[in-house]
Amino acid sequence: MSKPHWRPAHISDLPAMSAIAARIHPDLPERPEVLAEKMRLYPDGCCVLAADDAIAGYGLSHPWKRQQIPPLDRLLERLPGDADCLYVHDVAVLSDFRGGVARDYVATIEKLARASGIAALALVSVYATRPLWESFGFQPVTADAELRSKLASYGEGAIYMLRDLAAAPRADI
Ligand SMILES: CC(C)(COP(=O)(O)OP(=O)(O)OC[C@H]1O[C@@H](n2cnc3c(N)ncnc32)[C@H](O)[C@@H]1OP(=O)(O)O)[C@@H](O)C(=O)NCCC(=O)NCCS
């Protein structure tokens, strides 16, 4: 088997992506059209992890505003014209294919943000993944009341995190 690698997601990958989403996020379901819309609005941020002929994971990101999070399972309609972050909506990889791949996806998204003049990455950490994101340079951000109420829809323990790309680069990333 060749080493799994990230490549741009195509609409034909949608059934495989939805199947992975349903398996990994049974409590945070999203309709296929919600994933498809992100691929249409911002294809550059949407990748799949290709493992030979199979899809073993996906990563979805899009420009957004800091301190704001799109509700789960809702269409974005449009991207903000004055985006100030790339929002990592989800990275999900089947367990047999984990190990270094989230790091590679985040590196891709970081390059994309820098090339687009966007100075931060943002995400909502779920499933106690805070240490993972911290190891990539993300930091928890104190949520205001409005953000807190939106975080609740991501499950207990969801944390809003930002990585400031303008900060000095970390030697270990
Ligand atoms: C999150 C996910 C994509 C990470 O994939 P991965 O290939 O294991 O990630 P990486 O190996 O690139 O991660 C980098 C580091 O984080 C560590 N790590 C992985 N999962 C972790 C977790 N849940 N909590 C803490 N650390 C974690 C890895 O051991 C690795 O550390 P190392 O480089 O020192 O060995 C994968 O675990 C997954 O699909 N999880 C389920 C979905 C999920 O939680 N998505 C994120 C939602 S916010």
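**The sheet and the ligand**

Modeller: To begin with the fold of this predicted model, seven strands make up an open sheet with mixed pairing, and their order across the sheet is 1-2-3-4-5-7-6.

Colleague: Which strands stand at the edges?

Modeller: Those are strand 1 (5-8) and strand 6 (139-140), and each has a single partner strand, so one side of each is left without a neighbour in the sheet.

Colleague: And in which sense do strand 5 and strand 7 pair?

Modeller: Strand 5 and strand 7, the latter spanning residues 159-164, pair in the antiparallel sense over six bridges, and within this part of the sheet Ser125 stands opposite Ile159 of strand 7.

Colleague: Switching topic, where does the ligand sit?

Modeller: The ligand is in the largest pocket, where 19 residues surround it, the closest being Val91, Val93, Gly99, Gly100 and Arg103.

Colleague: Which elements supply at least two residues of that shell?

Modeller: Strand 4 (85-93), helix 3 (101-115), strand 5 (120-125) and helix 4 (130-135) each do.

Colleague: How do the shell residues divide into nonpolar, polar and charged?

Modeller: There are 13 nonpolar residues in the shell around the ligand, along with four polar and two charged ones.

Colleague: What about the backbone, how far is Gly100 from a ligand oxygen?

Modeller: A backbone N or O atom of Gly100 is 2.5 Å from an oxygen atom of the ligand, while for Val93 a backbone N or O atom lies 2.7 Å from a ligand oxygen, and a polar backbone atom of Gly99 is likewise 2.7 Å from an oxygen atom of the ligand.

Colleague: How much of the ligand's accessible area does the protein cover?

Modeller: On its own the ligand has 890 Å² of accessible area, and the protein covers 69% of that.

Terms used:
Residues are numbered from 1 along each chain as its sequence is written. This is a predicted model: local features need pLDDT of at least 70, side-chain atom pairs count only at pLDDT 80 or more; totals for chains, interfaces and linings use all residues. Side-chain values use heavy atoms; hydrogens and water are left out. A residue is near a molecule or strand if one of its heavy atoms lies within 4 Å of it. A polar contact is a pair of N or O atoms within 3.5 Å; within protein, one must be able to donate a hydrogen and the other to accept it, and residues adjacent in sequence count only if both atoms are side-chain atoms. Accessible areas come from the Shrake-Rupley method with a 1.4 Å probe; for residues, only the protein chains shown count as cover. On a 1 Å grid over the protein atoms alone, a cavity is a set of points where a 1.4 Å probe fits but cannot get out, and a pocket is an open set with protein on both sides within 12 Å along at least five of seven lines; lining residues have an atom within 4 Å of a point. A molecule sits in a cavity or pocket if more than half of its atoms lie within 2 Å of its grid points. Helices (H or I, at least four residues) and strands (E, at least two) are DSSP runs, numbered from the N terminus. Ala, Val, Leu, Ile, Met, Phe, Trp, Tyr, Cys and Pro count as nonpolar, Asp, Glu, Lys and Arg as charged, and the others, Gly among them, as polar. Two strands pair if DSSP finds at least two bridges between them.
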